[in-house]
Amino acid sequence: MLGQKVLANRLHGILAGILCALFLSAFIYLEHFLDNKNFPLYSTLFAILGLFLYFKLSRLGAFVCGGILGILWFYWVGFSFRFYDLSHLIPLVWIVFFVVYGALFYLFCFFSSPFYRLVALTLSSFIHPFGFNWFIPEVILTKSYFFPSKFTLFLLLCSILILSAFLAKKLYKTSLIWLCSFALLLPHNTEIKKDSNIMPLRIKTTHFEVPQDERWQTNQMPNILTQNFETILKAKNAGYDLVILPETAFPLSLNLQSALLEKLKEESKEIAILTGAIFQDSIQEKPRFFNSAYLFQNGEMQVFHKLILVPFGEKIPLPNFIAKWMNAFFFDGAQDFIAQDFIAPNFAWIKNQKFQIAICYEATRDEFYANSPSNLIAISNNAWFVPSIEPTLQKLLMLYFSKNHNTTIYHSSNASEDFTLH
């Protein structure tokens, strides 16, 4: 009998962990599949249910919850292995994420104290395994009725604890009144307020659909270059002030292509152009490569190197000798990109307005919003990960930062939608 009771408790804990992970991941999949029909009520209800269950988890349930959540949020990370003939390693990536986030949630729920669990989850967004910061619990509130901030998450967790106490005492009417009260009293999502005295520029964001396995093929280069210049021409003829092309829209070392540079400089006399491309430091005996953004305006050029590289995507976040071995063994000897030393986020003045400039992963990093910029340009290449929920999660994270810092984000991308968040 005792063994059956232990087994039943474990099964109950596992089931609670599974449900909690599903509820805390629902906001991504609702946005991904419902898009414009993803009403705030859905994300609000699932967030409350998920957080309610979080306080009820056993240690085993917490491990299961974190593990499944790690898979549901980040199963796509290993998809880039497809382009190195390493698809067989994708399940290994899933196991790593299951174990890492399972262990984190195990620690979050190590003690049954509600206060301990409340503080642990509220502060968990400061924990970045391998430098990867995309687990931000308050992002679950981005499309809900509540404002997505750490403070709101803290208040919501406190409110749910009080609700649990009422329910435990079978005060159902009081519970209902309290539920309605905190739903009304917690900070709510609102539109970003902008300075009406600033005349907005006409900005053209773009999205391309160039498959990752074709982008670097020599025989595809003429088509890619034609598409780029046709996009610039259409934006210019439509009267835009600025056209933004995606990350590595020019999949080559653009700084070494004098003819292309001159053509872009000439076009920029009528329209400002920001595009992604590679920058090759040809001075070194062994060339260094930067993932960069090039800005052309008024016949002049500026180059902005990426400051924060994607862990394992652009740089192996391990000791140098291990990184070299991994690149040689798994990635055919490819070398990591070089990051420019981070002093402050890249920015530029375009038509007398200041824009912060972020390349893909940088647009979801706190460092690029520390000064609460009014405008941020983000360029991405999501062809590494599609089809998956990665572009949806990226957009939700950008929306989270946009709301918290009153920042308008202009995003252009390859293999996912372009958008403006404000």
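The model is predicted, so local features need pLDDT of at least 70 and side-chain atom pairs count only at pLDDT 80 or more, while totals for chains, interfaces and linings use all residues. Residues are numbered from 1 along each chain as its sequence is written, and side-chain values use heavy atoms, with hydrogens and water left out.

A nonpolar core is taken here as a set of buried Ala, Val, Leu, Ile, Met, Phe, Trp, Tyr and Cys residues joined through side-chain atoms within 4.5 Å; buried means under 20% relative accessible area, exposed over 50%, and partly exposed in between (1.4 Å probe, protein chains only). The largest such core holds 72 residues, of which Leu51, Tyr54, Trp73, Phe74, Trp76, Phe105 and Leu156 touch the most other members. At least three residues come from each of domain 1 (1-185) and domain 2 (203-421), with bounds from an automatic or database domain assignment. A second, separate core has 22 residues, including Ala249 and Ile273.

Turning to charged pairs, the whole structure contains 9 salt bridges, each a side-chain nitrogen of Lys or Arg within 4 Å of a carboxyl oxygen of Asp or Glu. In one of them, the closest N and O atoms of Lys150 and Glu138 are 2.9 Å apart. Lys150 is partly exposed at 24% relative accessibility, whereas Glu138 is buried at 0%. Glu267 and Lys236 also pair at 2.9 Å, N to O, and both residues are buried. Together with Glu270, Lys236 and Glu267 are linked in a network of salt bridges.
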